[in-house]
Amino acid sequence: MQDNEIVELFWQREQTAILQTSAKYGKSLENTSYAILHSWEDAQECVQDTYFAAWNSMPTDRPDYLGAYLMKIIRNLSLNLYRKQHAQKRNTGITLIYEELSECIPDSDEGVFESMESGALAKIINSFLEGLDKEKRIVFVRRYFYSDSVKDISDKLSISESKVKSMLMRLRRNLAEVISREGFYD
């Protein structure tokens with residue numbers, strides 16, 4: 001079933017919208033959440049919460065690409081749950097990813113994650129990503145949006161881990177230059 005057909009089911013308040021969404025995107029949503037939380041039970045809970053959030057938000061939103069819409073919801077829900085679970089702890093997985101990004105996104109009053117979620121920085125990053133070739137864009141998005149490990153990215157793209165690491169390092173350096181040039185932090 002096409003995205004626009006599923007969205008129409010949501011708008012008509014048909015419960016089959018959830019079933020169709022689950023069939024089309026359920027596994028991807030679960031994998032995205034698991035990459036952040038490292039718990040299948042928590043990931044499945046976030047998937048259910050994503051369906052609920054989509055159900056409640058569809059009367060006002062009509063997304064063109066349902067997959068991206070759902071991925072943003074599950075990513076935010078998963079990160080919120082992660083923060084709640086690790087408020088006083090330090091987890092090397094997610095912390096490492098944000099420490100990597102802090103190299104190219106200077107500290108602000110709100111912090112790296114909150115800065116990434118703000119509209120101005122998002123526009124700069126989106127523009128940066130549009131200028132990359134497909135492989136580099138996939139590596140960046142898999143690492144910093146989906147929280148994939150270097151090994152997972154390497155396996156998915158059939159390239160060496162050292163190539164992924166060096167590509168990420170260069171991408172962060174280039175992004176830092178773009179952010180500085182754009183004067184995001186004055």
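These legends describe close-up views of a predicted model.

**View 1. The largest nonpolar core.** This core holds 25 residues. Phe-10, Leu-29, Met-58 and Leu-66 touch the most other members. Helices H1 (3-11), H2 (16-37), H3 (40-57) and H4 (66-85) each give two or more residues to this core. H4 gives the most, with 9 residues. In soluble globular proteins, nonpolar side chains tend to be buried together.

**View 2. The surroundings of Phe-10.** Phe-10 is one of the residues that touch the most other members of the largest nonpolar core. Neighbours within four places in sequence are left aside here. Met-58, like Phe-10, is among the residues that touch the most other core members.

View 3. A separate core has 19 residues. Among them are Ile-124, Ile-125, Phe-128 and Val-164.

**View 4. The crossing of H9 and H10.** Helix H9 spans residues 150-157, and helix H10 spans residues 161-182. Their axes come within 8 Å. They cross at roughly 115°, so the two helices are roughly perpendicular to each other. H9 passes H10 in a right-handed crossing.

**View 5. Residues at the contact of H9 with H10.** On H9, the contact is made by Val-150, Lys-151, Ile-153 and Ser-154. On H10, the contact is made by Glu-161, Val-164, Lys-165 and Leu-168. These residues divide into 4 nonpolar, 1 polar and 3 charged. Val-164 of H10 takes part in this contact and also belongs to the second core.

How values were computed: Residues numbered from 1 in each chain as written. Predicted model: local features only at pLDDT ≥ 70, side-chain atom pairs only at ≥ 80, totals over all residues. Heavy atoms only, no water. Core = buried A, V, L, I, M, F, W, Y, C linked by side-chain atoms within 4.5 Å. Buried < 20%, exposed > 50% of the residue type's maximum accessible area, 1.4 Å probe, protein only. Helix = DSSP H or I, 4+ residues; strand = E, 2+ residues; numbered from the N terminus. Contact = heavy atoms within 4.5 Å. Axes fitted to C-alpha atoms, helices over the stretch in contact; angles between N-to-C directions. Parallel < 35°, antiparallel > 145°, perpendicular 65-115°, else oblique. Left-handed = near helix turned anticlockwise from the far one by under 90°. Nonpolar A, V, L, I, M, F, W, Y, C, P; charged D, E, K, R; others polar.
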